Amino acid sequence: MSALKIGSLELDSPVVLAPMAGVTNIAFRTLCRDLELERAGSTSGLYVCEMVTARALVERHPVTMHMTTFGPTETPRSLQLYTVDPDTTYAAAKMIVDEDLADHIDMNFGCPVPKVTRKGGGSALPYKRRLFGQIVAAAVRATEGTNIPVTVKFRIGIDDEHHTHLDAGRIAAGEGAAAVALHARTAAQRYSGTAAWNEIARLKDHVTDVPVLGNGDIFDAEDAEKMMAQTGCDGVVVGRGCLGRPWLFAELSAALNGRDIPTPPTLGEVTVIMRRHATLLAAHHGEDKGMREIRKHIAWYLRGFPAGSEVRSGLARVSSLSEFDGLLGLLDPTVPFPADAEGPRGRQGSPSAVALPEGWLDDPDDTLVPAGADIMHSGG
Ligand SMILES: Cc1cc2nc3c(=O)[nH]c(=O)nc-3n(C[C@H](O)[C@H](O)[C@H](O)COP(=O)(O)O)c2cc1C
């Protein structure tokens, strides 16, 4: 029985790991998938890779090619493209098809980073309805005749005066997207305040021909159940809630499939999971870079646990796996998962006006590809 069907992909649970730049690489996805299998008995959702830019993919930049690494048993392989023009989108999607790089393509129209929106990319782009439609159509055309569905992820709009999500959903579905996902904030909100789940419900009412996925502020299994019940969405996309909690997907799939939620790990079990994460990062990046990468996860993993400032700061500077082991060994393995580790985590930020190209809001139908917006360095 499939709980969520996205084109040819049949998922046993309606749960998606949100693409997160610098986080959802092969190491993190492998860990989440394995923990779902070990703790809930199966790997059932969709785990999306951190985004890559379509242009860098087409140009075969080595760092970008490395980012498209999937596990040997990873299925479906889900790749997210950040893209601002139809031609490069077509070329990138065609390359994915011809070289069998992935089983699913998602597209990122949610990035609120000023250096991206200032050039018309990310969450600024859906305002240009025709250009947005042409980009989605290009990816769909490149994947025609394959089993690779194209999905689209966007925000509510630029700000409260410029909502675009209903148009974006209708246009994407009309151009052949197999599902749409809404991060229920405007770009101006960044990650602040609370996600407007009522807008997910509105989108669900508006887009009736493909699944609508809801995203924003799911921090535990109960949140996921509430979002599905309140909005009628077909699936949930979970980002910050799994930072330092890669076992969250076991809890989500158990809850959404009506099974008992597994007990959260003790500090001893968390240290084993941290060690696995570090080992996977070292295998992907080499030990030096792997250790630099694990540092950003330390505060998330240890949130709420009594760890002591010396161990914490040692871990935040760790430079080898053996040093990592020594520091983890200083933690008390019997401590249960702390109640105050629940709730919001990850970036929050504060709202601010969205930087846009001059005259961007004048004509929603103009199809001029924003210049220089196809290069970016951070997610959104
Ligand atoms: C560190 C980080 C990196 C992100 N990178 C991406 C990205 O590459 N592509 C994307 O579409 N969204 C990206 N996002 C947005 C998330 O996918 C998600 O939409 C957002 O965090 C809201 O969901 P949440 O409340 O579950 O975190 C990123 C978010 C964070 C916190």
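Mentor: Ala, Val, Leu, Ile, Met, Phe, Trp, Tyr, Cys and Pro count as nonpolar, Asp, Glu, Lys and Arg as charged, and the others, Gly among them, as polar. The model we apply this to is predicted.

Trainee: How do the residues lining the second largest pocket divide into nonpolar, polar and charged?

Mentor: The lining of this pocket has 21 residues, and nearest its centre lie Met 20, Tyr 191, Gly 239, Arg 240 and Arg 347. By the grouping above, Met and Tyr count as nonpolar, Gly as polar and Arg as charged. Over the lining of the second largest pocket, the division is ten nonpolar, seven polar and four charged.

Trainee: How much space lies in the second largest pocket?

Mentor: The residues that line the pocket number 21. The space in the second largest pocket is about 360 Å³.

Trainee: What is the volume of the largest cavity?

Mentor: A cavity is a set of points where a 1.4 Å probe fits but cannot get out. The structure holds two cavities of 30 Å³ or more. For the largest cavity, the volume is about 100 Å³.

Trainee: Which residues are closest to the centre of the largest cavity?

Mentor: β4 (46-53), β6 (104-109), β7 and β9 each give at least two residues to the lining of the largest cavity. That lining divides into ten nonpolar, two polar and two charged residues. Of the 14 lining residues, the closest to the centre of the largest cavity are Val 16, Asp 106, Thr 151, Ala 181 and Leu 213.

Trainee: What covers the buried residues of α8?

Mentor: Buried means under 20% relative accessible area. In helix α8 (residues 197-206), the buried residues are Trp 197, Glu 199, Ile 200, Ala 201 and Leu 203. Their cover includes β7 (150-159), β8 (162-163), α7 (165-174), β9 (179-186), β10 (212-215) and α9 (221-231).

Trainee: Why is the chain said to be as compact as a globular protein of its length?

Mentor: The chain has 14 helices and eleven strands. The globule rule gives 21 Å for 380 residues, and the chain is as compact as a globular protein of that length because its radius of gyration is close to this, at 20 Å.

Trainee: What share of the residues in the chain is buried?

Mentor: The accessible surface of the chain comes to about 14,700 Å², and carbon and sulfur atoms hold 51% of that surface. Among contacts between residues at least 6 apart in sequence, 74% join residues at least 24 apart. Of the 380 residues in the chain, the buried share is 58%.

Technical notes
Residues numbered from 1 in each chain as written. Predicted model: local features only at pLDDT ≥ 70, side-chain atom pairs only at ≥ 80, totals over all residues. Heavy atoms only, no water. 1 Å grid on protein atoms, 1.4 Å probe; cavity = no way out; pocket = protein on both sides within 12 Å on 5 of 7 lines; lining within 4 Å. Points joined across faces, edges and corners; volume = space filled by probe spheres on them. Helix = DSSP H or I, 4+ residues; strand = E, 2+ residues; numbered from the N terminus. Rg over C-alpha atoms; globule rule 2.2 N^0.38 Å. Buried < 20%, exposed > 50% of the residue type's maximum accessible area, 1.4 Å probe, protein only. Contact = heavy atoms within 4.5 Å. Areas by Shrake-Rupley, 256 points an atom, 1.4 Å probe, with all protein chains shown as cover.
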